[in-house]
Amino acid sequence: MCKVCIIDNDETVLDLLEELLEQYKSARRADLTVRRFRSVNSYLDASEDSGIILLGIGGMNEMPMAKKLREARRDAAVILMSESSRVAIYGYRIDALGFVPKPIDKNLLTASLDKAMKKLGNVRGGVNIHLKTVGGHKRLNINDISYIEVRRHYLFYHVSENGDEESVFQARGVMQDAEKQLLQYDFVRSSISYLVNLGHVTSVEGNDVYLRHSVVPVSRNYKKAFTEAFESFRAVQQNQ
């Protein structure tokens, strides 16, 4: 049994999340119970002990409440939900497991729940994405993607499978869509043209991001947020 608590000040959002969680429960045959709350304080007052917490955040001014929640529930898998992409980046400071942008997308919510259930030991296997590449189709495990580069109207997925040297797969698309899909899996922009898997980063030195098999640039406008995200990610990994 896994308890999922949803926290949001919008009743419409709570209704939608309950409906989507019921669909998830049926599709995954997951043993879930769901409770809903309008605020972090009401959740904490109820003394709930949750496995997964879906937390709606209006903006950066509400991050102190997210921090308060994390301090009280150290072991919960916290998934942030917000219209602000900045919330996703600063979510590393509270060890948030994932991020779902608002308005809530069913597929992105499902992917975040799969990740949380896997962490809690309730599901097995990795998370894959399907690409319509130039010349065919390719299924990629997100853990194998080192980074994504955009050039004109194409995305170039740099992939290292089983620790091997990188292969590159080309697909038509825009970076905003790739970022929305992968943000919850520890992918962060190092510049307007690069989306990097923090799990492949070995260091950030000057204006360069060093990965296992390559080096990509980090621009001035993205460096502070990227460096903070990487340091938080590394701290979390060391404590696991």
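Guide: Let's begin with a term: a polar contact is a pair of N or O atoms within 3.5 Å; within protein, one must be able to donate a hydrogen and the other to accept it, and residues adjacent in sequence count only if both atoms are side-chain atoms. This is a predicted model, where local features need pLDDT of at least 70, side-chain atom pairs count only at pLDDT 80 or more, and totals for chains, interfaces and linings use all residues. Residues are numbered from 1 along each chain as its sequence is written, and side-chain values use heavy atoms, with hydrogens and water left out.

Visitor: With which side chain does the side chain of Tyr154 make a polar contact?

Guide: Tyr154 belongs to strand E9; helices (H or I, at least four residues) and strands (E, at least two) are DSSP runs, numbered from the N terminus. Contact here means heavy atoms within 4.5 Å, and beyond four places in sequence Tyr154 touches Val134, Glu149, Gln170, Ala171, Arg172 and Gly173. The polar contact of its side chain, at 3.1 Å, is with the side chain of Arg172.

Visitor: Is Tyr154 buried, partly exposed or exposed?

Guide: Buried means under 20% relative accessible area, exposed over 50%, and partly exposed in between (1.4 Å probe, protein chains only). The relative accessible area of Tyr154 is 28%, so Tyr154 is partly exposed.

Visitor: How far apart are the C-alpha atoms of Tyr154 and Ala171?

Guide: Ala171 is one of the residues that Tyr154 touches. Along the chain the two are 17 residues apart, and their C-alpha atoms are separated by 5.7 Å.

Visitor: Where is Arg152, and what is its phi?

Guide: Arg152 sits in the loop between strand E8 (145-151) and strand E9 (154-159). It is exposed because its relative accessible area is 81%. Although Arg152 is not a glycine, its phi is positive, at about 55°.

Visitor: And what is the phi of Asp95?

Guide: Asp95 is in the loop between helix H4 (85-90) and E5. Its relative accessibility is 28%, so Asp95 counts as partly exposed. Asp95 is a residue other than glycine with a positive phi, near 60°.

Visitor: Which residue does a cis peptide bond join to Lys102?

Guide: Look in the loop between strand E5 (98-101) and H5. Omega is about 0° at this cis bond, and the partner of Lys102 is Pro103.

Visitor: Why is Ala116 called buried?

Guide: Ala116 lies in helix H5, which covers residues 106-119. Beyond four places in sequence, it touches Ile52, Ala77, Ile79 and Leu97. Ala116 is called buried because its relative accessible area is 0%.

Visitor: Is Ser214 buried or exposed, and which side chain does it join in a polar contact?

Guide: Ser214 is in the loop between strand E14 (208-211) and strand E15 (215-217). It has a relative accessible area of 16%, so Ser214 is buried. Leaving aside neighbours within four places in sequence, Ser214 is in contact with Tyr147, Glu166 and Val209. The polar contact, of 3.1 Å, joins its side chain to that of Glu166.

Visitor: How far is Leu211 from Val196, C-alpha to C-alpha?

Guide: Leu211 is in strand E14 and is buried, with a relative accessible area of 6%. Not counting residues up to four places away in sequence, Leu211 touches several residues, among them Tyr147, Val196 and Val216. Leu211 and Val196 are 15 residues apart along the chain, and their C-alpha atoms are separated by 9.0 Å.

Visitor: Stepping back, how many helices and strands are there, and what is the radius of gyration?

Guide: The protein chain has seven helices and 15 strands. The radius of gyration is taken over C-alpha atoms, and the globule rule is 2.2 Å times the number of residues to the power 0.38. For 240 residues that rule gives 18 Å, and the chain is close to this, so it is as compact as a globular protein of that length, with a radius of gyration of 18 Å.

Visitor: What share of the residues is buried?

Guide: The C-alpha trace spans about 50 × 40 × 30 Å along its principal axes. Of the 240 residues in the protein chain, the buried share is 48%.
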